[in-house]
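Please look over the structure shown here and consider how its parts are held against one another.

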Amino acid sequence: MKKLYRSSTNKIIAGVCGGIGGYFDIDPTIIRLVVALLSIGSFGTGILIYIIFWLIIPSDTL
C-alpha cells in the first residue's frame, strides 16, 4: 500500500510537490506548475493549500 510523504530528496521548498508527484507517478515539475498556476489564478489559494499540505503530510525521513 502506497503512502503519501513529503520528499526529502526531490524538493525545492518543503518536498510537498515531490511527494505528491512520487505518489501519483507524475513528474513533480508538473505538480509545481499546477500549484504555481493555481496560486496566480486564484489570488494565493495554491500557496495556502501548499502550506496546509506541508503541515499535514509527514516527511519521508521519520
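## Basis of the report

The coordinates come from a predicted model, and the values given in the following paragraphs are computed from it.

## Helix 1 against helix 3

Helix 1, which spans residues 16–24, packs on helix 3, which spans residues 45–56, at an angle of about 75°, and their axes are 10 Å apart. Because angles from 65 to 115 degrees count as roughly perpendicular, this pair of helices is placed in that class.

On the side of helix 1 the contact is made by Val-16, Cys-17 and Ile-20, while helix 3 brings Tyr-50, Phe-53 and Trp-54 to it. Sorted by class, this contact between helix 1 and helix 3 consists of six nonpolar residues, with no polar and no charged ones.

## Helix 2 against helix 3

Helix 2, residues 28–41, has an axis that comes within 6 Å of the axis of helix 3, and the two cross at roughly 130°. The angle makes helix 2 oblique to helix 3, since it falls between the range for roughly perpendicular, 65 to 115 degrees, and the range for roughly antiparallel, over 145.

Helix 2 takes part in the contact through Val-35, Leu-38 and Ser-39, and helix 3 through Gly-46, Ile-47, Ile-49 and Tyr-50. By class, the contact of helix 2 with helix 3 holds five nonpolar and two polar residues, and no charged residue.

When neighbours within four places in sequence are left aside, Val-35 is in contact with Cys-17, Gly-46 and Tyr-50.

## The salt bridge

The structure holds one salt bridge, in which the side chains of Asp-25 and Lys-2 meet at 3.7 Å, taken from N to O. Asp-25 lies in the loop between helix 1 and helix 2, and Lys-2 lies in the segment before helix 1, so the pair ties together parts that are 23 residues apart in sequence.

As for accessibility, Asp-25 counts as exposed at 67% relative accessibility, whereas Lys-2, with a relative accessible area of 46%, is partly exposed.

Note on methods:
Residues are numbered from 1 along each chain as its sequence is written. This is a predicted model: local features need pLDDT of at least 70, side-chain atom pairs count only at pLDDT 80 or more; totals for chains, interfaces and linings use all residues. Side-chain values use heavy atoms; hydrogens and water are left out. Axes are lines fitted to C-alpha atoms, for helices over the stretch in contact, and angles run from 0 to 180 degrees between N-to-C directions. Helices (H or I, at least four residues) and strands (E, at least two) are DSSP runs, numbered from the N terminus. Angles under 35 degrees count as roughly parallel, over 145 as roughly antiparallel, 65 to 115 as roughly perpendicular and the rest as oblique. Contact means heavy atoms within 4.5 Å. Ala, Val, Leu, Ile, Met, Phe, Trp, Tyr, Cys and Pro count as nonpolar, Asp, Glu, Lys and Arg as charged, and the others, Gly among them, as polar. A salt bridge is a side-chain nitrogen of Lys or Arg within 4 Å of a carboxyl oxygen of Asp or Glu. Buried means under 20% relative accessible area, exposed over 50%, partly exposed in between (1.4 Å probe, protein chains only).
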